[in-house]
Amino acid sequence: MDRRQFLIRAGGIASFSAAGDIVRAQTSNQGPALVEAVLEARETWATLAGRPAQLYTYNGQTPGPIIEARAGDTIRISFRNALSETTNLHFHGLHVSPAGNADNSFLEVPSGESITYELPIPKAHPSGMFWYHPHMHGSVARQVSRGMAGLILIRGEFDDQPEVRDTPEYFMVLQDFDISEAGLVNEPTTAEKARGREGPLVTVNGKVNPTVPLVSNGWTRLRLLNASSSRFYRLRLEGHRFTITGVDGGLVTTPFETEELLLVPGQRVDAFVRGEVPSGVFRLLNLPYDRFGAMGGGMNSFIVGRLAMEPLAVASFEYTASAQTQWSMPDRLAPIEILSAPQVRRTFRFGMGMGMGMSAGGFTINGRSFDPNRVDTRVALGSVEDWDLINASAMDHPFHIHTNAFQIVSGADEAQSTWRDVVLVPAGRSVRIRLQFSDYIGRAMYHCHILDHEDLGMMGIVDVVSV
Ligand code: C2O
Ligand code: CU
Ligand code: CU
């Protein structure tokens, strides 16, 4: 193994430098590397929308540094908790072990303590964009909404193609904040937690409405993450369409065009934009989205409260250069093996207790609130299962599971030939997913990725056992 340093781009990713500016250690061969990162969780005063704000950061920046690796590499993270409260790290979407010092969300790192996480990335790991964030049950929404999130890139063959490599690539981490006059993050009320906290200040890489360069007569690659604890983003780029090449768990088989993207918390998208005009500025708009679909009119406006219902410019794209090379998007990117028929079917019902009462503990899956000492679902290593996710509640719930991505069988208009690790289950609807529990035994979590709902108990444990 040779060593490839982890990368921290000067100034974080806030400066919108292209991927070519990423600092990478030089490797002399293509063999597996050890990618070493040093991360410290700490409280930092930052500037948000021109005002000071006290945030939770990794290495003093939000979002945290990008960690980049390739399938077959090992990521080693020396993590220190300089917060005054317990935290830990979860590696969202990575297909790595949920046990030991890998993606083990049961680990706790008390204030002042350190730990070394070690993540051997399997040789067959899909390339894509994943992320790290805290997973301390009860504090996840608070810690993430104060700024704790960072990207993990797994590079692969698609990224190596010269046309793709030469395409300017921008990472866009979407976060929202609720900051007081004094620069402190406001603690949400019980009702705000029940619906999922949203902050009025929407940022991309910690900036309000930043300018992103766009090339004319060529492609620009956008890699988006919704790192907000509850906010959904329904995105549209004025005058342009997105060509989608990847979702959560990697490449799609066939790129497709769309005018609008819905990114629910935890989801990622890899989108290319073709610059077809010579110049101009185009806004990336976040359009209103109603997460409370099944609630009646009056109730709806009560619960939505001050959540923004106006289109909001989250970034502005400005033509700055013209493309050096012309290329067209291939028709097929990566073959995706469609999972075979399931051996087991299960049902998971999201519950919100006594409706509007919404007392803590009222947030459940199959009637039970999270208990770290209880296994909810025991599955056999290697088996394929269909899970019916049933949302009879009055609010949308984005379902997420650790360790293994899944394919969507029905209930969401998405081809089965994509790998997702978060799927939206809208209020009053159900979605069937198909999963295979490959490679790793051990306990992992599944939950609603509205992080307040997770903290309030909408989470369960799956234990993968060898048979
Ligand atoms: Cu991104 Cu269990 O979470
Ligand atoms: Cu996760
Ligand atoms: Cu939820």
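Hi everyone, let's start with one side chain, Phe317. Phe317 touches Met172, Val212, Leu214, Leu222, Leu237, Gly280, Val281, Phe282 and Leu284, leaving aside residues up to four places away in sequence. A contact here means heavy atoms within 4.5 Å.

Before I go on, a word on what we are looking at. This is a predicted model, where local features need pLDDT of at least 70 and side-chain atom pairs count only at pLDDT 80 or more, while totals for chains, interfaces and linings use all residues. Residues are numbered from 1 along each chain as its sequence is written, chains are lettered from A and ligands numbered from 1 in the order in which they are written, and side-chain values use heavy atoms, with hydrogens and water left out.

Back to Phe317. In the largest nonpolar core, which has 36 residues, the members that touch the most others are Met172, Leu222, Leu224, Leu235, Phe242, Leu284 and Phe317. By nonpolar core I mean a set of buried Ala, Val, Leu, Ile, Met, Phe, Trp, Tyr and Cys residues joined through side-chain atoms within 4.5 Å. Buried is under 20% relative accessible area, exposed is over 50%, and partly exposed lies in between, using a 1.4 Å probe and protein chains only. There is also a second, separate core of 33 residues, and among its members are Leu389, Leu424, Val431 and Leu456.

Now the chain as a whole. The protein chain has 467 residues, and 59% of them are buried. Its secondary structure comes to 6 helices and 30 strands; these are DSSP runs numbered from the N terminus, with helices (H or I) of at least four residues and strands (E) of at least two. Of the contacts with a separation of 6 or more, 78% are between residues 24 or more positions apart.

Next, please look at the open sheet of 6 strands. The order is β11-β10-β13-β18-β15-β16, and the pairing is mixed; two strands pair if DSSP finds at least two bridges between them. At the edges sit β11 (201-204) and β16 (250-258), each pairing on one side only.

So what happens around β15? Strand β15 (residues 242-247) runs antiparallel to β16, joined by 5 bridges, and the two form a hairpin with 2 residues between them. Val247 stands opposite Gly250 in β16. With strand β18 (residues 268-275), β15 again pairs in the antiparallel sense over 5 bridges, and there Thr243 stands opposite Phe272. Because 6 of the 6 residues of β15 are buried, the strand is largely enclosed by the rest of the structure.

Finally, the copper. Which residues coordinate the copper ion (ligand 2)? They are His90 and His400, both through NE2 at 1.9 Å. Donors are N, O and S atoms within 2.8 Å of the metal (3.2 Å for Na, K and Ca), and as water is not among the atoms, sites may look incomplete. His90 belongs to strand β6 (residues 90-92) and His400 to strand β25 (residues 397-401), 310 residues apart. Both histidines, His90 and His400, are buried.

His397 counts as buried at 0% relative accessibility, and Cys448 is buried with a relative accessible area of 0%. Thanks, everyone!
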